[in-house]
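User: I would like to go through this structure with you, starting with its pockets. Could you take my questions one at a time?

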Amino acid sequence: MHTSLAPHHALPGDDPWTVAVIGSGPRGLSVLERMALHLAQSPPSVPVIIHLIDAVEVGCGRVWRTEQPAYLLMNTVADEISMFSGPPEPGEGSRPGAGPSLAQWWQQHATGFPGPNSYAPRALYGRYLHFVLDSIETSLPDRVTLVRRQQSVSRLRGDGVGGYRLELGDGSALAVHRVVLSTGHAQPRPTGQSLDFRRFASRHPRLRYLPAGPAAEMRLDELPGGSAVGVIGLGLTFYDVMTALTVGRGGQFTETADGELCYQTSGDEPRLFAGSRSGMLMPGRGVNHKPLDQVYDPVVFTEQRVELLKAGPRLDFVRDVFPWLRAEMDLVSTLAHNRLRTGSAQRERFVRAVAVAARHVCPDIALLAHRHGLVPMPAPELDTLAQPFGQRTFACPEHFHHALREVVEADLREADLGNVASPRKAALDVLRDVRWLICALVDFASLTPSSHERDFLGWYAQRSAFLVSGPPRIRLRQALALIDSGVLTVLGPDTRFAVDETRGCFVGHSGSVEGSSVLLETVVDARVPPTDIRLDGSPMMADLYTRGVVQPYRNVWDPPHGSEEEFETGGVAVTHTPYHPLRATGEADRGICLLGIPTEHTRWFMTVGGRRPGFWSQFDQDADDVAKNVLVGALSPIQCRRTPRSDQRASQYRGDERRIDEQQHPAGTTDVSAGTDLSIQPSRGVRADASGGARTAGHALERTADLGSEPVPGRTYGPHRRAFQRGHHS
């Protein structure tokens with residue numbers, strides 16, 4: 001455990017202002033970084049003590065713990081992640097608001113940097129987060145103290161008026177004025193099948209059941225070599241489990257002369273039998289061919305369209321929203337397909353025609369492509385990509401593996417083409433690029449309750465996560481090599497795992513593959529645990545829920561014609577920024593700010609694990625708003641009201657109608673008069689500056705008709721002022 005680097009300088013008679021940040025992963029560190037920057041820019045009126053508390057590892061948290069094996073990789077390239085809210089300043093050390101990205105730090109301070117567009121080990125990211133924390137602490141001004149506490153918090157009592165008492169796992173207590181809850185992924189209490197499997201394994205000593213969670217926490221080393229292990233799910237955690245039980249057991253992958261991977265067994269591997277409802281391995285990420293300073297500026301699914309949609313009645317996602325998103329994907333897919341077939345001027349005219357049509361109706365991309373001499377290339381259906389086997393049945397496991405190999409190899413070919421040249425991967429990248437606009441539509445109940453539950457969370461959120469958040473491509477190649485070696489068997493579509501009381505074992509089988517049934521000694525749940533405050537196994541969160549301090553968010557709608565609808569999401573109900581939890585009485589607890597994964601379903605895509613270097617994103621805005629709120633007792637009212645440049649250019653796009661004032665616009669920037677909502681202004685690029693603020697891109701790049709080369713006159717294409725971070729699934 002680190003010791004505090006900064007002394008506490010308190011003047012006689014001073015009463016310090018105390019803040020507890022519970023959870024020191026990326027969300028907690030982002031708030032701490034912005035707190036440190038504000039305190040450095042505006043020295044506090046009283047001493048400040050900040051307690052950074054984490055039950056696992058202070059400085060990086062549970063998911064990014066530094067002792068995990070190096071073969072567990074991130075799924076976002078290192079160039080696209082930073083925890084500093086501004087780029088490094090030449091010739092100066094790192095400090096809040098100015099520091100290196102993960103890739104820059106890896107290259108300068110660690111070993112084994114493989115080059116651009118590389119995937120870092122999670123443990124390495126943990127070391128980087130420690131570097132960020134040390135940079136924050138050494139930069140704290142006098143009279144500000146950071147105390148690192150590796151402790152769990154069992155209870156949180158109090159309110160925003162009298163302060164809070166934190167009861168820690170070692171029996172001690174801590175009194176603070178304000179609390180930031182950035183606790184990350186929960187370990188839910190077992191229910192349903194998970195509870196049945198756990199009880200069944202407890203009655204049979206030779207059986208094991210490993211519940212859902214990070215692979216680094218699973219007791220995988222206890223599984224005997226040669227034993228039959230079932231794995232529920234074929235997503236990111238599946239790849240971690242697969243790697244841990246092969247590479248982690250001493251097996252090796254080698255490449256043949258023709259570029260194929262082969263697996264050399266160590267003899268200590270279990271036999272893996274994995275499956276899911278789709279039977280499809282999570283697709284790999286396309287090679288990134290976009291410049292780091294490029295963010296896609298939508299043509300169809302634009303800010304203006306989002307404003308118009310939000311201005312109307314409650315939305316049905318499939319009927320009202322997805323057609324516009326689908327048209328954007330079709331546009332990008334068609335441009336990628338015609339990139340080498342047509343000239344830039346021809347594509348530019350096509351893009352302009354689409355933009356004009358999209359002002360009035362959802363455009364027919366294929367029709368407009370024909371009119372401008374382009375070959376239409378509609379983006380594949382999400383269901384087709386996520387469930388490629390549909391209702392097919394297979395006579396034997398070998399037939400299914402042949403079909404699976406064909407699909408995976410086709411996906412790898414597209415991934416190798418990259419996110420510019422491949423129509424499929426370019427179209428799927430749109431889903432990542434417009435996440436911030438999707439958030440603007442679905443956060444805080446813009447959808448009807450039924451559409452929110454069925455169409456968005458039950459369909460779109462699952463499809464987009466599966467198709468665009470995948471692992472490095474090498475993981476799919478390794479999976480194919482393991483299938484060839486006999487170590488891994490993918491059971492097929494409609495895989496079910498169950499208990500066999502008669503034979504005293506688990507069983508797995510695919511309903512679509514004849515002869516797929518297998519007896520199992522272990523079942524590993526490789527799915528992402530659901531976010532649901534009602535099932536949160538944390539003593540602190542369970543106590544807050546029991547006492548009504550937090551409650552699940554309810555999407556309630558009373559339509560003009562028809563009966564009332566309600567959907568209880570399971571995510572914690574919070575106010576708009578700075579995200580105070582709402583009590584069961586409906587009152588906000590204004591001394592607590594709650595950020596990140598516990599609010600998933602109230603807000604969307606809270607799993608983001610960092611900010612994009614040089615850009616001011618919603619991740620940054622959340623951190624800054626919370627930082628200013630919890631420092632209210634340490635800074636003067638004027639200091640707390642003052643909006644940094646980052647806020648002036650990056651307005652909060654969460655439905656709270658934040659207005660921008662006290663601005664002077666330099667030449668070349670968006671002209672926004674006082675009181676105008678930035679969310680409906682034309683897009684302009686904004687980069688974070690070295691102080692953690694933002695600046696308008698000096699020379700906005702012209703938007704390109706093929707997403708990366710020739711300009712389209714009159715359209716800006718540069719870093720977007722609210723570009724939503726492409727983050728990890730943490």
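This is a predicted model: local features need pLDDT of at least 70, side-chain atom pairs count only at pLDDT 80 or more; totals for chains, interfaces and linings use all residues.

User: By class, what does the lining of the second largest pocket have?

Analyst: That lining has 18 nonpolar, 16 polar and 4 charged residues.

User: What is the volume of the second largest pocket? And which residues are the closest to its centre?

Analyst: The second largest pocket has a volume of about 740 Å³. Of the 38 residues that line this pocket, Gly23, Arg62, Thr183, Gly184 and His185 are the closest to its centre.

User: How far does H8 reach from its first C-alpha to its last?

Analyst: Helix H8 (residues 344–358) has 15 residues and reaches 21 Å, close to the 21 Å expected at 1.5 Å a residue.

User: Which residues of H8 are buried?

Analyst: The buried residues of H8 are Arg347, Glu348, Phe350, Val351, Ala353, Val354, Ala355 and Ala358. As background, an α-helix has 3.6 residues a turn, so residues three or four places apart point the same way.

User: New topic. How many aromatic pairs does the structure hold?

Analyst: The structure holds 26 aromatic pairs. One of them is formed by Phe444 and Tyr553, which are edge-to-face, with 6.4 Å centre to centre and 85° between the planes. This pair links distant parts of the chain: Phe444 is in the loop between helix H13 (435–442) and helix H14 (449–468), while Tyr553 is in strand E18 (residues 552–557), 109 residues apart. Phe444 and Tyr553 are both buried.

User: What about Phe456 and Trp604: how are their rings arranged?

Analyst: Phe456 and Trp604 form an edge-to-face pair, 5.2 Å centre to centre with 75° between the planes. Phe456 lies in helix H14 and Trp604 in the loop between strand E20 (592–594) and helix H17 (618–630), so the pair ties together parts that are 148 residues apart in sequence. Both Phe456 and Trp604 are buried.

User: Which residues form one aromatic cluster?

Analyst: Phe317, Phe322, Phe456, Trp459, Tyr460, Trp604 and Phe605 form one aromatic cluster.

User: And how many disulfides are there?

Analyst: There are 0 disulfides. Among the cysteines, Cys60 is buried at a relative accessible area of 1%, whereas Cys262 is partly exposed at 35%.

User: Which peptide bond is cis?

Analyst: The bond from Thr577 to Pro578 is cis, with omega near 10°. Pro578 lies in the loop between strand E19 (565–572) and E20. In general, most residues other than glycine have a negative phi, and most peptide bonds are trans.

User: What is the phi of Asn117, and what is that of Asp494?

Analyst: Asn117 has a positive phi of about 60° although it is not a glycine. Asn117 is found in the loop between helix H2 (102–109) and helix H3 (122–138), and is partly exposed with a relative accessible area of 30%. Asp494, also not a glycine, has a positive phi of about 55°. Asp494 lies in the loop between strand E13 (488–490) and strand E14 (495–500), and counts as partly exposed at 28% relative accessibility.

Definitions and conventions:
Residues are numbered from 1 along each chain as its sequence is written. Side-chain values use heavy atoms; hydrogens and water are left out. On a 1 Å grid over the protein atoms alone, a cavity is a set of points where a 1.4 Å probe fits but cannot get out, and a pocket is an open set with protein on both sides within 12 Å along at least five of seven lines; lining residues have an atom within 4 Å of a point. Grid points are joined across faces, edges and corners, and a volume is the space filled by probe spheres set on the points. Ala, Val, Leu, Ile, Met, Phe, Trp, Tyr, Cys and Pro count as nonpolar, Asp, Glu, Lys and Arg as charged, and the others, Gly among them, as polar. A disulfide is a pair of cysteine sulfur atoms within 2.5 Å. Buried means under 20% relative accessible area, exposed over 50%, partly exposed in between (1.4 Å probe, protein chains only). Rings of Phe, Tyr and Trp (its six-membered ring) pair if their centres lie within 6.5 Å; planes under 30 degrees apart count as stacked, over 60 as edge-to-face and the rest as tilted. Helices (H or I, at least four residues) and strands (E, at least two) are DSSP runs, numbered from the N terminus. The expected span of a helix is 1.5 Å times one less than its number of residues.
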